[in-house]
Amino acid sequence: MSKVGPLGEGLSVSAGVQADSSAVSAGPRARSLSGDGPESPRGALAGVRAGVRLLRSEIGLTFRRPRNLALLGVLAVVPLVIGVAIRAAGDGADSFVGQVAGNGLVLTFAAFFVMLPLVLPLAVGVVAGDSIAGEAGLGTLRYLLTAPAGRTRLLALKYANVVVFAVAACALVAVSALVTGLVLFPVGPVTLLSGSTIPLAEGLLRIGLVALYAAAGMAALGALALAISTLTETSIGAIATTLVLVVVAQVLQAIPQLAVIEPYLLTSWWAGFDGALRDPVATDQMGQGLLVFAAYIVVCGSIAWARFTSRDITA
Amino acid sequence: MPKRARAVRWGVPIAAIAVVAGAVGAGPVIAAVQGDPVLPERTAQQLLADVGTRWKSGELPPMSGTIIETASLGVPGLSALTGEATGPVALLAGSHQVKIWYGSDSQIRLALPSHMSEHDLIVNGDQTWWWDSAANTATRIKTPPMPSEPALPPAVITPQEAAERALAAADHDTAVSVGNDATVAGRAAYELVLAPRAATSLVKDIRVAIDGETLIPLRVQVYAKGAAEPAFEVGFDSVTFSRPAPENFEFTPPAGAKVQDGEMPALDQDRAALREHAEDGELKTVGSGWTSVVVLPFATADLAEGEKQGHGPGLAVGAMADGVLKAAEPVSGAWGNGRLIRTKLVSALLTDDGRLIAGAVTPEVLYEAAGRK
Amino acid sequence: MTTTIDAAGDAMTASPAGGPAIVTRGLTKRFRGGQIAVDHLDLTVPRGAVFGFLGPNGSGKTTTIRMLLGLVTPTSGSSSILGAASPVQALTRVGALVEGPAFYPYLSGAANLRRFDAADPSADPRTVGRRVAEALDRVGLAAAAKKRYRAYSLGMRQRLAIAATLLGPRELLVLDEPTNGLDPQGTREVRNLIKDVAAGGTTVFVSSHLLAEVEQMCTHIGVMSTGRLVAEGTLTELRSASVPRIRVETPDSSLAAAALTAFGLTNIIPAPGEVSAELGDALPERVTAALVREGIAVRGLQVVHPTLEDVFVHLTGEGFDVEA
Ligand SMILES: Nc1ncnc2c1ncn2[C@@H]1O[C@H](COP(=O)(O)OP(=O)(O)OP(=O)(O)O)[C@@H](O)[C@H]1O
Ligand SMILES: [Mg+2]
């Protein structure tokens, strides 16, 4: 094949032609953009509806994903295993957990006592750590953003989804423990840590309180995991980092010489759920725990936001 | 433009961290902004007199609150205790919380919360209960609290008791003054400063914060010489002067709990043992006031025995002593040979001839006491 | 070498419907490693055009598209699509395929499309079923709608990605190598689809290496090379701007070369058995006459119009290795 001469300069005439063609194509297709501005009430309502739709899509994805279902399965099974173990071991009513044998309701508290340090954080860490990094890894993040989901909006809805999962996980633990307790053990008024006894109905209320507090603690962990998730493109990395932090924090917590930093660790406040088992309820301790959770959510949430809204999506 | 936009973005989390840090430090900051509270002037004498008359009436106003006790005595090996022990023994190290409900002298409840367990002392009329949730055991205390002795386990020192002790020590060898007014548990308080005159004392001063309104002691701090932070501090973190709900003082052993009759656990037994020692003439004090030291027969072998007995507090004490002994420094002098344990606030000398000499004094005072056989 | 256009300078501020579909000014991306992926790109894509975005591997096509869509922040310069101040405002009217398909493997094709439709705040949830079915139908995936994406073949995945760009009414389609991995029928379908969409008034911005394909469907072309735009214009402009050559088959090629030089032709390349030269404005019959007059044995004579591929290779260099 023969070679052609230099062409570059020849092309610089294109300007005029382009200006022409754009003039031709303009006009007739002038389309009215979305009639409602974001400020108008109708626009705001539509915005909320669209947000709910995307959140539902997120939740649907989370709760249909086989891996997450397996995690929820584990959360449901652990209380059952604890219950069966206590049933098989027989007595041992010399401690709080030992009371389970005498009162099935106590199994719920025992379940949270056992699961809050690691099992629940594992489940929440997986879902939250995966939330952004997983989409980036699959490449779906670029299509969500060009849909366009909007970066701030997507991040907010991702976090809302994490919170929903945290609440569902804690509720699942509570319900599973409750059902196991009802089936395997007698049920009656509950003895609190303070030695006083409350009726069954109030016991159920306290279970709700414990589950909500635990969910708040898990939501704070979710914010941390979400922030980590925006830093990487591999969900395994984000999940592993989150879980390593959880474990390291609990190791630090166990070192007496480091007692100074304990109040700043997220993990040390999870244990505060036992405030619901005192008489009167230790509102000061639990309130402070909730404040710490809120602080973690605000700080981690803003870090996630700053990172996610300024990051290049190259995956 | 993108670089600037990015910088602005990251300003948000930085601001969030600043806000949180501000909220964490808000207590001190607000206090600093408000400055010291201003209370009507009272000299040390007036204050002591007012407090004295106040206490003579006997009754404290009903109240409830949270007391935080922090001990950083600098005892080597002691900190290892915090992780393991629960209940009263754990109060010897680290920071602890005690909740108090006070209705009257015959209606008192103290709660020592720890993770998933709680110890409670409930005094209601002629009944006194000690509840240990971890052991699921309720103990009916037989001996009703003697009027001369406080009803509380000694380790749980209320501000009232501590102030009483501090004021009792105020005689000719103490400089008593009123310091700057302080804020404790959000309340304006006088601060009574008791400083030992003896140079050989390790105590710099003891500060007692006395509520400006009710004249109730709210906080006691013990400062060692050369330390900016108190070596020991007990004070209200929050307090409300209103009558606690009566159900706080009701205690019925829960179904399924072990119910037993007994003495105050652990520390009362120790105290009884101490009293025995004193009666046998084995325990003596040398010197007086701030520089007094305790001398008692002591052999390291005793510790091992205590460990073998193996019940809760004994074990913890044994473990603690082990740690302490490891950090001891061998010393010798005209008085003989021994091992010296120094902390910020207390020195202790274990002589090889089997005596334990201890006090809030410099080692020289201990050596002198050791020489006086 | 890069085309500079002043006429369209204020196009970015023009009314949304009137201005060009895509305008970039000095658009530059330097990645963290220091690599310049796009270097002062000035691009104008008129409305209604089918714009072929050509360039060898690593020349910065995908990076440009990412910047247009707001996925990557430019290091300097600016870009605007559909006259909007920021990409997000325009993206509901844009269908985009960026660097191949990406979907949730555990969802079916239809469920995947619903998922991305849910992310679009302006999409109407009441019509999503119909729109998804239509989009799948247009790319020939109707039969595989219920199949999990995991089980899709390469071409089916590519088709699904194209379907995702057709979920709503679009004013602009940005397609990064849409026919990648497609069978001949698929390629043809996509080509027809693009023509179809363009006929409806939608602007199409399509990046490709396949010159034949671009030649068949594009009205405008831009050529990238190592991050720079080396040519931009309509297809006819590009073709006409390229100079035809005359090729003479002859046993005495050196004599012929001399004769052509004497005639005033330039860029003469002698080869065994033939010689070629730039024809320019000269008429072929006059050249033939001149050769015959010189007594050169002319066995064959041909006027060669360069193909787009020739143009492309000429602009972007002959080398096969990608520039790093
Ligand atoms: N995330 C990144 N970090 C660093 N360099 C990058 C990144 N993404 C792309 N590049 C570099 O930018 C240049 C342009 O890449 P780009 O993907 O835009 O090329 P392309 O024209 O789309 O190539 P292809 O035809 O192979 O798709 C390449 O040299 C590439 O190595
Ligand atoms: Mg590419």
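Student: Which helix of chain C has the highest confidence, and which has the lowest?
Tutor: This is a predicted model, so confidence comes before detail. In chain C the mean pLDDT is lowest in helix α11 (residues 308-316), at 73. The highest mean, 96, belongs to helix α3 (residues 109-119) of chain C.

Student: Where in chain C is the pLDDT below 50?
Tutor: Chain C as a whole has a mean pLDDT of 86, and 92% of its residues reach 70 or more. One stretch has a pLDDT below 50, and the model gives that stretch 32 contacts beyond near neighbours in sequence. Where pLDDT is low, the predicted coordinates should not be read in detail. The stretch is residues 1-16 of chain C.

Student: What is the mean pLDDT of chain B?
Tutor: In chain B, pLDDT stays under 50 over residues 146-155, which have 20 contacts beyond four places in sequence. It also stays under 50 over residues 304-316 of chain B, with 10 such contacts. In chain B, 67% of residues reach 70 or more, and the mean pLDDT is 75.

Student: What ipTM does the predictor give the complex?
Tutor: The predictor scores the complex with a pTM of 0.82. The ipTM is 0.82.

Student: How many helices and strands does chain A have?
Tutor: Along the sequence, chain A reads α-α-α-α-α-α-α-β-β-α-α-α-α. Counting the elements of chain A gives 11 helices and two strands.

Student: What share of the residues in chain A is buried?
Tutor: Chain A exposes about 12700 Å², with carbon and sulfur atoms supplying 72% of that area. Among its contacts between residues at least 6 apart in sequence, 77% join residues at least 24 apart. Of the 315 residues in chain A, the buried share is 52%.

Student: How many residues of α8(A) are buried?
Tutor: Helix α8 (residues 200-229) of chain A has 30 residues and should span 44 Å at 1.5 Å a residue; its end C-alpha atoms are 42 Å apart, which agrees. The helix is mostly covered. The number of buried residues in α8(A) is 21 of 30.

Student: How many residues apart in sequence are the parts that R65(A) and D130(A) tie together?
Tutor: The two side chains form a salt bridge, 3.0 Å from N to O. R65(A) sits in the loop between α2 (41-64) and α3 (66-89) of chain A, while D130(A) is in helix α5 (residues 119-138) of chain A, so the pair joins parts separated in sequence by 65 residues.

Student: Is D130(A) buried or exposed?
Tutor: The cut-off for buried is under 20% relative accessible area. D130(A) has 11% relative accessibility, so D130(A) is buried.

Student: Which residues form the salt-bridge network that includes D274(A)?
Tutor: The whole structure holds 31 salt bridges over all chains. In one network of them, residues of chain A and chain B are linked. The members are D274(A), R278(A), R109(B), E118(B) and D120(B).

Student: What share of the residues of chain B counts as buried?
Tutor: Chain B has nine helices and 19 strands. It exposes about 18400 Å², of which carbon and sulfur atoms supply 56%. Of its 373 residues, the buried share is 44%.

Student: Are R131(C) and D117(C) buried or exposed?
Tutor: Their side chains meet in a salt bridge of 2.8 Å, N to O. R131(C) is in helix α4 (residues 128-138) of chain C and D117(C) in helix α3 of chain C, 14 residues apart. Both residues are buried.

Terms used:
Residues numbered from 1 in each chain as written. Chains lettered and ligands numbered in written order. Predicted model: local features only at pLDDT ≥ 70, side-chain atom pairs only at ≥ 80, totals over all residues. Heavy atoms only, no water. pLDDT = per-residue confidence, 0-100. Helix = DSSP H or I, 4+ residues; strand = E, 2+ residues; numbered from the N terminus. Contact = heavy atoms within 4.5 Å. Buried < 20%, exposed > 50% of the residue type's maximum accessible area, 1.4 Å probe, protein only. Areas by Shrake-Rupley, 256 points an atom, 1.4 Å probe, with all protein chains shown as cover. Salt bridge = Lys/Arg side-chain N within 4 Å of Asp/Glu carboxyl O. Expected span 1.5 Å × (residues − 1).
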